[in-house]
Amino acid sequence: MAADTQALASPSPAGAPRETERLRRAKAALAREKRRNRLLLLAPALVTIGCVGLLPLTVILVYSFLEPGTYGGVNWVFSGEAYVQFLFERDLFEETLSFNPAYLEIFGRSLLLALGATFGALLVGFPTAYFIATRPPGTRNLWLFLITLPFWTNLLIRTYAMMLILRDEGVINIALMEVGVISEPMILIYTDGAVLLGLVYSYLPFMVLPIYAALEKLDFRLVEAAYDLYATRFRVLRHVILPVAKPGIVAGCILVFIPGLGAYITPQLLGGGKSLMIGNMIWQQFGASRNWPFGSASALILMAIVMIALLIYVRYAGRKRAHG
Amino acid sequence: MTGQETGEATAAVEIRRVSKIFGAGSERQVVALDDVGVTIRDNEFFTLLGPSGCGKTTLLRLIAGFEQPTAGEILLFGSHLEGLPPHRRPVNTVFQQYALFPHMTVAENIGFGLLMQGRPKPEIEETVTRMLALVRMEALAGRRTDQLSGGQQQRVALARALAPHPKVLLLDEPLSALDLKLRKEMQIELKRLQHETGITFIFVTHDQEEALTMSDRIAVMSDGAILQVGTPRQIYDHPARRFVADFIGEINILPAELTEIHGETARVRLASGQERTARLPEGSVEAGRVNVAIRPEHVRLGSPDGAALTGRVRNIVYFGTGTHYHLELEGVADAGGPAAAGGAFTVELQNRLGGADEHAVGERLGVLVEDGTLQVLCD
Ligand SMILES: Nc1ncnc2c1ncn2[C@@H]1O[C@H](COP(=O)(O)OP(=O)(O)O)[C@@H](O)[C@H]1O
Ligand SMILES: [Mg+2]
């Protein structure tokens with residue numbers, strides 16, 4: 001090829017460079033047009049991300065570095081106080097800082113509740129998803145419909161329904177007292193347990209749907225193959241079904257954990273304000289406490305925690321894949 | 001159901017009067033197997049041959065334990081399998097679509113059965129290495145199975161099923177997804193594997209050529225029943241039933257009159273009035289109207305004078321090793337013979353190097369039928 005070009009070029013040495021120059025320019029123009037088209041095609045996505053993602057986030061970020069206004073809102077004075085306040089208490093008179101774990105505790109409890117809710121949802125959601133995935137194809141959609149049916153009503157109303165069930169005079173207590181298992185109503189509502197239950201209930205479909213999607217793709221001949229190769233039922237689950245369902249399980253856990261961590265209505269109503277979660281605390285800062293910068297800072301810290309957790313997971317999962 | 005020989009060899013699998021009805025009692029019940037009985041010997045390459053939907057897979061699944069028989073019993077080396085789940089049967093299956101575990105490497109797939117049996121690690125590693133060598137896949141041990149070609153996946157599926165050294169290996173149309181060239185290669189490979197491992201193979205196919213080339217014995221199935229069991233030669237040369245004759249190879253079927261029976265043979269009178277000796281199938285055949293079958297390559301063409309059958313050449317098909325002469329027989333169509341055949345008769349002649357067609361279209365010829373080449377059919 002190279003020899004060919006040389007042989008052709010040698011009779012008119014001036015012709016060849018001109019040709020390549022024109023070719024180069026045409027290619028550059030083509031590339032420019034390609035870039036422009038790509039930008040145009042991306043524009044709707046970029047605008048959406050900017051308006052609903054970056055813009056509000058920027059506002060929060062800016063607010064978190066300002067001073068609180070007396071009646072809510074902010075004073076446009078730079079201050080890192082909000083972040084200091086998260087960990088320390090400033091003495092009113094001496095201006096000294098002392099460590100204050102109150103907010104950390106709220107974060108810790110939220111983390112535990114969200115993890116518990118994720119685990120609970122997984123415990124209930126996996127068998128449910130497996131059950132649906134093993135139904136005949138015609139009836140699967142009906143089951144999925146039933147699972148998502150509660151979502152047709154508002155979360156607030158569903159949570160009130162939970163309250164009716166858990167109250168001292170609620171369905172559970174009355175039934176148990178009628179049967180004679182207990183004589184006094186059990187304290188069910190306004191406990192961490194009630195919040196946990198409410199979270200599991202609220203976010204269960206987020207666990208069921210991705211796991212179902214993964215299991216639906218599972219080739220059940222693989223299950224038979226494993227069964228044929230001396231695997232007991234439990235080992236079939238552990239060695240074949242779980243690995244295949246893993247992407248769905250991971251997605252489901254993320255989808256339950258993140259909204260669970262920031263949940264607001266559930267802990268507010270079922271926790272009775274006693275067991276605060278991050279969501280309630282942030283709401284308080286924007287409401288009664290009139291400390292918008294601190295509310296913003298808490299929201300950002302929450303976000304940072306979630307992101308760090310996800311990054312660690314992605315790193316870990318990526319490393320494992322590369323090894324295996 | 002014609003258990004032809006009563007061999008001295010031990011029985012690997014005994015199927016005793018097994019029936020399988022899906023959705024029994026419901027509107028849409030399907031009789032997949034109807035009173036099937038057959039004995040498969042130890043160390044045998046046994047083939048279940050039949051058209052799609054005749055119950056081959058169902059029979060394999062009953063042996064593997066994925067389904068329970070509606071009636072009858074299955075014995076493995078003399079012991080009953082009833083109630084034993086698949087993971088407790090020393091039987092392994094090579095599935096039609098391979099069903100390799102996508103989240104495991106080739107080596108992990110092959111070692112899976114041994115791992116589940118709780119064998120010690122060094123033993124597993126050693127067996128996996130041996131199996132990889134057996135199916136010539138050493139170089140790909142660490143690959144994921146979705147990075148393999150069809151033929152390679154096939155080999156892994158074989159190695160995976162062979163690794164725990166089952167007493168019986170079940171193969172459900174393992175070659176049907178491969179292209180022709182690869183299929184021929186794998187046929188030879190499978191025979192070699194069966195020979196080297198000494199494991200009883202029960203092989204399912206709907207391809208009669210595959211069955212003939214590979215099997216020690218064949219069971220021809222139709223509509224949930226086994227019609228005939230025998231060596232490839234027995235099945236090909238002496239089909240007992242109309243279905244078997246039609247299903248395997250090309251064959252001519254003629255109406256005839258059965259006049260005398262002498263043990264295994266009989267005299268039959270053809271449409272031309274000539275009589276020939278024919279083989280009788282097992283089971284009861286009575287004198288009177290019967291169908292007889294004869295292979296295109298077992299007859300010759302000659303002068304019409306005094307021939308057993310006469311007819312005109314309708315067309316000539318050259319296919320390399322031989323030539324087919326399609327004749328229109330005289331006096332057959334109105335003799336109340338098989339309506340579908342309508343007097344059509346095929347003769348196959350071997351081609352010789354530099355030879356030319358020996359006959360022309362439209363020529364009137366005689367078909368020379370020798371004693372013993374005709375086979376009487378049951379139905
Ligand atoms: N699980 C099942 N439920 C209902 N009918 C079935 C089932 N499995 C097989 N059958 C029916 O049984 C018959 C035999 O099927 P199968 O054994 O798969 O045939 P083959 O493998 O010879 O093609 C078919 O009519 C098929 O539709
Ligand atoms: Mg089949």
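**Salt bridges, a ligand shell and a nonpolar patch**

Arg267(B) is partly exposed, with a relative accessible area of 23%. Here buried means under 20% relative accessible area, exposed means over 50%, and partly exposed lies in between, with a 1.4 Å probe and protein chains only. The areas come from the Shrake-Rupley method with a 1.4 Å probe; for residues, only the protein chains shown count as cover. The model is predicted, so local features need pLDDT of at least 70 and side-chain atom pairs count only at pLDDT 80 or more, while totals for chains, interfaces and linings use all residues. Residues are numbered from 1 along each chain as its sequence is written, chains are lettered from A and ligands numbered from 1 in the order in which they are written, and side-chain values use heavy atoms, with hydrogens and water left out.

Arg267(B) has a charged partner. It forms a salt bridge with Glu275(B), and the closest N and O atoms are 3.7 Å apart. A salt bridge is a side-chain nitrogen of Lys or Arg within 4 Å of a carboxyl oxygen of Asp or Glu. Glu275(B) is partly exposed as well, at 24% relative accessibility. Elsewhere, salt bridges with shared partners join Arg136(B), Arg155(B), Glu189(B), Arg192(B) and Glu196(B) into one network. Within it, Arg192(B) pairs with Glu196(B), the closest N and O atoms being 3.2 Å apart. These two residues stand 4 residues apart in helix α5 (residues 180-197) of chain B, so about one helical turn separates them. An α-helix has 3.6 residues a turn, so residues three or four places apart point the same way. Arg192(B) is partly exposed at 21% relative accessibility. Glu196(B) is also partly exposed, with a relative accessible area of 49%. In chain A, Arg90(A) forms a salt bridge with Glu81(A), with the closest N and O atoms 2.9 Å apart. Both ends are partly exposed: Arg90(A) has a relative accessible area of 33%, and Glu81(A) stands at 32%. Over all chains, a search of the whole structure finds 32 salt bridges.

Chain B has 8 helices and 20 strands. Helices (H or I, at least four residues) and strands (E, at least two) are DSSP runs, numbered from the N terminus. The C-alpha trace of chain B spans about 80 × 55 × 45 Å along its principal axes. Of the 379 residues in chain B, 49% are buried.

Chain B also contributes the shell around ligand 1. Phe22(B), Val30(B), Ala32(B), Pro51(B), Ser52(B), Gly53(B), Cys54(B), Gly55(B), Lys56(B), Thr57(B) and Thr58(B) surround the ligand. Each counts as near, with a heavy atom within 4 Å of the molecule. By class, the shell has 5 nonpolar, 5 polar and 1 charged residues. Ala, Val, Leu, Ile, Met, Phe, Trp, Tyr, Cys and Pro count as nonpolar, Asp, Glu, Lys and Arg as charged, and the others, Gly among them, as polar.

The side chain of Thr57(B) places an N or O atom 2.5 Å from an oxygen atom of the ligand. Taken alone, ligand 1 exposes 560 Å², and the protein buries 60% of that. Helix α1(B) gives the most, with 3 residues.

Helix α1(B) is itself mostly covered, with 7 of its 9 residues buried. These are Lys56(B), Thr58(B), Leu59(B), Leu60(B), Leu62(B), Ile63(B) and Ala64(B). Just after the helix, Gly65(B) takes a positive phi of about 100°.

Chain A carries a nonpolar surface patch of about 930 Å². Its members are Phe131(A), Leu142(A), Trp143(A), Phe145(A), Leu146(A), Leu149(A), Phe151(A), Trp152(A), Phe206(A) and Leu255(A). Patches are made of residues with over 30% relative accessible area and no salt bridge; like charges are joined within 9 Å, and nonpolar side chains (Val, Leu, Ile, Met, Phe, Trp, Tyr) within 5 Å. Helix α5 (residues 137-148) of chain A supplies the largest share of the patch, 4 residues. Leu255(A) comes from helix α10 (residues 233-261) of chain A. This leucine is partly exposed, at 43% relative accessibility.

Gly116(A) sits in helix α4 (residues 102-133) of chain A. Its relative accessibility is 25%, so Gly116(A) counts as partly exposed. Gly116(A) and Leu196(A) are 80 residues apart in sequence, but 6.9 Å apart in space, C-alpha to C-alpha.

Note on methods:
A polar contact is a pair of N or O atoms within 3.5 Å; within protein, one must be able to donate a hydrogen and the other to accept it, and residues adjacent in sequence count only if both atoms are side-chain atoms.
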